[in-house]
Amino acid sequence: MQPEIQKAWDKTCTLLLGEELGKIEDYAPWLRELIDQNTYQKSAVSGKEVATAIPEYCKGSKTISFDEIDFGKKFEPLNINEIKDLDSILEAVNERVYYCGNILLGNCGNVERSSNISDGFAIYDSAQFFNVKYMAYCTVGRENSYCFGVHGPGGSDFLIRCSQTVNVRRAFELWASMNSSDCYYVYGLDNCSNCLFSFNLKNRRYCIGNLELGRDKYDAIKKKLLAELVAELKKNKSAPSLMDIVRKSKAEKPSGLKSVTPEFTESNEQLDKQIIEKEFSDTTKIIFGKPLTGMDNYSDWLCRHTHQMQETTSAVSGKRILWLPYGISLVPLPENRMVTIEEADLLGETTRIGQSEAENMTLENAHKNIGKIAYFKVDVRDGQTKNLIDCSYCIGGSDCYRLSMFVRSKYCAFGMWPKDSTNCFGMDSLMDSNFCVKCYHSTKLTRCFEMDNCRDCADSMFCHNCESVSNAMFCFNVKSKRYAIGNAEVGRDQFMDVKKKVVDEILEKIEKDKRLNLSIYEVGCRGRKS
């Protein structure tokens, strides 16, 4: 590990805890617990270690490091006369299929054991970041620095063991919070600072257990708690997570719960699933030449290779809650403490521990004091939303179904994290895209099917790590191709002839089985199940 990482770790520990903790490698297992960890394989070209951020690639497939790809290499066209069906194409392209790792884009330096990094400096064992520096054991985010063991940071700095942050500074074990600073062991905060063991607060300062204190008293209790935390870390090379502490606590219903929890009426909005059904049919007609109808019939297939929501009920009201484990944390939340958005807001305003409990709080007894305040909202509704059916974690969007963590998207269903996208079905982490089916970890796709880690592509299917390709099939690790099959351009007429055979076969299988037993993640194993 490069010395820049150790120096950044020392600086962050000193800022958050008051002193250095020693070698970061000693804390690696603990720091990895909250993240979506990379997988590591050997390059089929050189034998060097290759980090991949996506765990879906089939076992036995070949891996290549991004720096080993020759984007200028010319490939001989396939023998089109020998291509009769999908199986013959898979056989023909097999030697050209490599799944790519160690992907570093833009201006990167001192990046090790990481992938899908764009404009990053001093990064170790991390993945899926843009414009970041000084990070180790982190996954998924942008515009961050000095983060260690963090999942899903955005615009945040100096974090240790946090999950899902937006504009957060100096935090330890902060979860699902935004616009906050100098917080430890907190969940669901917005525009708060200097809080410890607090939940669902807005616009608050100097709180312990949701109880607001004078600054001097708060600082004294914080100093004592941090001393205990440092001793625990140095002794065990780990510390209990917020969820560990909450699970040990007794789930107490707050006093006066009925008076602070009114009967929330259901929305009067009339939901119309048929709008989304029509868009599904229109989209599949564009992709396959014939519309598919009844999108629920294809739900198992469309949800494959995507992060899926779970269903639970509110601990306060028994209301149904849909939530995405990935969106909040990779460490399971206690389901007997989940509440709706409205309930969380009320609990944050009205519940707190007592003065004596706050003054005598220790790391060891914290679980005894927070039982009545430790409740978790697992959904977000922000921006303009309309006709969202069975959705969770929405920041602007309309006419969507069984979708989670989406931003300004419409006419989408079955998947996670479409951003600024329309008419996309069965996706995971798809940005600025339109009229796509089963596409993943890609940006700016149009009319595509089964694409992974691609950018600026159109009218293509079964492609991986491609950029600026159009009318392409079964292309891997290439740029700027048109009418290409298996990395070689074949001309429009031949391409369209082969595409018709392939699409007809795909459509027949989907209509018969309500699924296709081949994905971009399995092309590298000739369609064998992973």
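**A colleague's note on the cysteines and D399**

1. At 3% relative accessibility, C58 counts as buried; the label applies under 20% relative accessible area, with exposed over 50% and partly exposed in between (1.4 Å probe, protein chains only). A word on the source: this is a predicted model, where local features need pLDDT of at least 70, side-chain atom pairs count only at pLDDT 80 or more, and totals for chains, interfaces and linings use all residues. Residues are numbered from 1 along each chain as its sequence is written, and side-chain values use heavy atoms, leaving out hydrogens and water.

2. The whole structure holds one disulfide, a term for a pair of cysteine sulfur atoms within 2.5 Å. C58 and C525 form it, with their sulfur atoms 2.2 Å apart. The pair links distant parts of the chain, 467 residues apart: C58 is in the loop between β2 (49-52) and β3 (63-65), and C525 is in the segment after α13 (492-513). Helices (H or I, at least four residues) and strands (E, at least two) are DSSP runs, numbered from the N terminus. C525 is buried too, at 1%.

3. C100 is in no disulfide, and the nearest cysteine sulfur, from C466, is 10 Å away. C394 is in no disulfide either; for this residue the nearest cysteine sulfur is that of C391, 5.2 Å away.

4. Now have a look at D399, which sits in strand β21 (residues 392-419) and is buried, with a relative accessible area of 8%. The side chain of D399 makes a polar contact with the side chain of N387 (2.8 Å). Such a contact is a pair of N or O atoms within 3.5 Å; within protein, one must be able to donate a hydrogen and the other to accept it, and residues adjacent in sequence count only if both atoms are side-chain atoms.
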